[in-house]
Amino acid sequence: MEYIDIWIDNEKMPPLKKEGLSITREPVWSSNTGRGADGVMGGDIVAYKYTLKCSFTSMDQKTIAKVLRLTKKPFFNVKFLDPEQETDTYKTITMYAGTPTIPVYSFASGMPRYVGVTCDFIEQ
């Protein structure tokens, strides 16, 4: 099975689930954006900002601790495959983490402890 890879501060993250990455490219509009009296929208797009919605494969205690350590800083660099490029080109941008969801699967010895961990990464 082929996994999708992302890196945080040059450390490879645990594998994402198949179809476990959704990328949103959100336009940021200028402050003069709005609708005129005729209802027509006017304004300028000043930037596009990415959000990565990540869903990881099962993790043991050591792996979830690594994810939480890497995403604890207010801002960090995330490297991911850039959907805007026609070739397999990676992009690195500064992001911050949304609130992670960490479902506990089991505390039994030798079992994956966390299954279905999700977290969003939002561009600064």
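**Notes on the predicted model**

1. From the N terminus on, the elements run β-β-β-β-β-β-α-β-β-β, which makes one helix and nine strands. Helices (H or I, at least four residues) and strands (E, at least two) are DSSP runs, numbered from the N terminus. With a radius of gyration of 18 Å, well over the 14 Å that the globule rule gives for 124 residues, the protein is more spread out than a compact globule. That radius is taken over C-alpha atoms, and the rule is 2.2 Å times the number of residues to the power 0.38.

2. Housekeeping: this is a predicted model, where local features need pLDDT of at least 70 and side-chain atom pairs count only at pLDDT 80 or more, while totals for chains, interfaces and linings use all residues. Residues are numbered from 1 along each chain as its sequence is written, and side-chain values use heavy atoms, with hydrogens and water left out.

3. Along the principal axes, the C-alpha atoms fill a box of roughly 65 × 30 × 25 Å. Of the contacts (heavy atoms within 4.5 Å) with a separation of 6 or more, 56% are between residues 24 or more positions apart.

4. On burial, 27% of the 124 residues count as buried; the cut-offs are under 20% relative accessible area for buried, over 50% for exposed, and partly exposed in between (1.4 Å probe, protein chains only).

5. Now the inside. The largest nonpolar core has 21 residues, and Met95 and Phe121 have the most contacts inside it. At least two core residues come from each of β6 (45–56), α1 (61–70), β7 (76–81), β8 (90–97) and β9 (118–123), and β6 gives the largest share, four residues. A core here is a set of buried Ala, Val, Leu, Ile, Met, Phe, Trp, Tyr and Cys residues joined through side-chain atoms within 4.5 Å.

6. Which residues does Met95 touch, leaving aside neighbours within four places in sequence? Its contacts are Tyr50, Thr51, Leu52, Pro74, Phe75, Phe76, Val78, Phe121, Ile122, Glu123 and Gln124.

7. Have a look at the surface too: Trp29, Met41, Ile45 and Tyr48 form a nonpolar patch there, with about 370 Å² of accessible area together (Shrake-Rupley method, 1.4 Å probe). Ile45 lies in strand β6 and counts as partly exposed, at 37% relative accessibility.

How values were computed: Patches are made of residues with over 30% relative accessible area and no salt bridge: like charges are joined within 9 Å, nonpolar side chains (Val, Leu, Ile, Met, Phe, Trp, Tyr) within 5 Å. A salt bridge is a side-chain nitrogen of Lys or Arg within 4 Å of a carboxyl oxygen of Asp or Glu.
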